[in-house]
Amino acid sequence: MDTSSFDPTRAVVFDLNRGQVALSGGGSVLLVPTQAITELCGELEPASVRQLGVSFGKQAGARVRARLGASAVPSLEVIVDQLGGELALAGLGSLAIERWGQALVVRIENCPLGPQGQELMSAYIESALYAVVAREVIALGLERKSQSFRLLLCGKAASVRVKGFLSSGGSWGDALVALHQTATHDVPGARV
Amino acid sequence: VASRSMLESLLARVRQRASEPRQSVLSIPPLRVPRLDAEPPAFGGARRAQAVLPDEDIEEYEDELIEIIDEVELPTETPPDVRPRGVPAFGQSAAAVNRGTLDRAASDRPAPVTPHTPARGIGAARPASGSTITASEPLRAEVVSRRPISVAAIAESQGTRRDARTVAFVELLDAALKLGS
């Protein structure tokens with residue numbers, strides 16, 4: 001059976017004598033109650049919440065990049081393993097990536113932050129992917145439930161179109177269909 | 001005392017009777033079903049018919065006849081059904097089987113050899129029309145194979161889709177970023 005390429009061995013080190021908690025390959029961290037972060041996300045401005053998420057994601061992406069190596073061309077499976085491992089290690093939920101035609105959708109489940117944490121998680125994914133593959137990506141919220149999100153990985157033009165579609169009452173599925181109607185048909189991952 | 005000429009005449013009659021065909025011992029005499037509406041037969045009618053038979057003369061000189069008959073070679077009649085009869089495994093004609101009884105003369109003969117007639121086995125083939133196979137017809141196999149499938153467009157695809165998990169993430173991400181642009 002295939003196992004994840006993410007190795008969590010000694011990923012978190014508790015130095016009880018010094019009163020420190022550290023992540024392997026990274027600096028010290030704080031164990032903060034989930035409720036505190038949730039309330040913070042509800043109180044702060046969206047830009048501030050995003051800044052918090054960028055900080056989280058940037059460090060996570062840097063650790064993933066350090067493990068993979070600078071010259072590596074990771075596959076989709078490796079990205080899901082590594083980035084999902086970081087997300088799980090932080091207690092932010094489980095990550096999966098869906099492929100809807102040409103579109104890539106990040107699905108995060110069991111996120112303890114609730115709906116208030118969507119902005120934080122969007123910023124987390126954007127900054128983490130920038131650190132790993134050096135691509136500027138917008139993680140646009142498609143679907144938000146009590147403990148799960150769907151974030152579309154898209155560019156700036158596509159995010160504007162999808163936002164307009166969703167604000168007019170369209171479903172996120174129809175938004176993806178509409179997005180493909182103007183796209184070219186050179187589908188990656190398909191050999192002719 | 002019987003004279004010799006009388007005995008010789010009796011011997012001649014015995015030989016004549018011996019040469020006459022007799023009913024087989026193993027055969028079952030036909031049953032008579034009496035009719036209810038028929039008149040009962042008169043008593044002694046059958047006995048009177050038997051009384052006129054000349055067998056009375058034979059009984060009279062029974063002892064002498066036994067001695068004479070022992071000296072004479074009489075044609076022996078062997079029951080035909082007690083002889084061993086082989087049952088042919090192959091070659092028995094279908095007509096004989098369909099009749100329900102074996103023709104005795106035909107069964108005593110050796111089974112006809114028909115090398116060109118195919119045996120009715122798994123590999124044997126018969127024409128679809130059901131006509132009988134003659135000896136001159138060559139043996140051929142009847143193969144039932146799958147009929148060809150007509151060419152029809154079941155589905156159309158732009159290509160074979162690879163498993164996404166093995167594709168480079170950057171390749172997939174760059175394609176996703178092109179959407180809507």
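A residue counts as buried when its relative accessible area is under 20%, as exposed when that area is over 50%, and as partly exposed in between. Keep those cut-offs in mind as we walk through this predicted model, because they decide how we describe several of its side chains.

Let's start with a pair of tryptophans. A:Trp100 has a relative accessibility of 39%, so this residue counts as partly exposed. A:Trp172, at 18%, falls under the 20% limit and therefore counts as buried. What kind of aromatic pair do A:Trp100 and A:Trp172 form? Their arrangement is edge-to-face, with 5.2 Å from centre to centre and 90 degrees between the planes. That label follows because planes over 60 degrees apart are classed as edge-to-face. The two residues come from distant parts of the chain: A:Trp100 belongs to strand β3 (residues 94-100) of chain A, while A:Trp172 belongs to helix α6 (residues 172-181) of chain A, and 72 residues separate them. Over all chains, the count of aromatic pairs comes to 1.

Strand β3 also leads us into a sheet. Strands of a sheet pair through backbone hydrogen bonds, and they can do so in parallel or antiparallel fashion. Which order do the strands of chain A follow in the open sheet? There are 4 of them, arranged β3-β4-β6-β5, with antiparallel pairing. At the edges sit β3 and β5 (138-144) of chain A, each of which pairs on one side only. From one strand to the next, the twist averages 30 degrees.

Look now at the start of that order. Strand β3(A) runs antiparallel to strand β4 (residues 103-109) of chain A, and 7 bridges join the two.

A:Phe14, A:Leu16 and A:Leu31 make a nonpolar surface patch of about 390 Å². Of these residues, A:Phe14 lies in strand β1 (residues 12-15) of chain A. Its relative accessible area is 49%, so A:Phe14 is partly exposed; residues can belong to a patch with over 30%.

Our last stop is A:Thr34, found in helix α1 (residues 34-43) of chain A. Is this residue buried or partly exposed? With a relative accessibility of 37%, A:Thr34 counts as partly exposed.

Technical notes: Residues are numbered from 1 along each chain as its sequence is written. Chains are lettered from A and ligands numbered from 1 in the order in which they are written. This is a predicted model: local features need pLDDT of at least 70, side-chain atom pairs count only at pLDDT 80 or more; totals for chains, interfaces and linings use all residues. Side-chain values use heavy atoms; hydrogens and water are left out. Rings of Phe, Tyr and Trp (its six-membered ring) pair if their centres lie within 6.5 Å; planes under 30 degrees apart count as stacked, over 60 as edge-to-face and the rest as tilted. Buried means under 20% relative accessible area, exposed over 50%, partly exposed in between (1.4 Å probe, protein chains only). Patches are made of residues with over 30% relative accessible area and no salt bridge: like charges are joined within 9 Å, nonpolar side chains (Val, Leu, Ile, Met, Phe, Trp, Tyr) within 5 Å. Accessible areas come from the Shrake-Rupley method with a 1.4 Å probe; for residues, only the protein chains shown count as cover. A salt bridge is a side-chain nitrogen of Lys or Arg within 4 Å of a carboxyl oxygen of Asp or Glu. Two strands pair if DSSP finds at least two bridges between them. Axes are lines fitted to C-alpha atoms, for helices over the stretch in contact, and angles run from 0 to 180 degrees between N-to-C directions.
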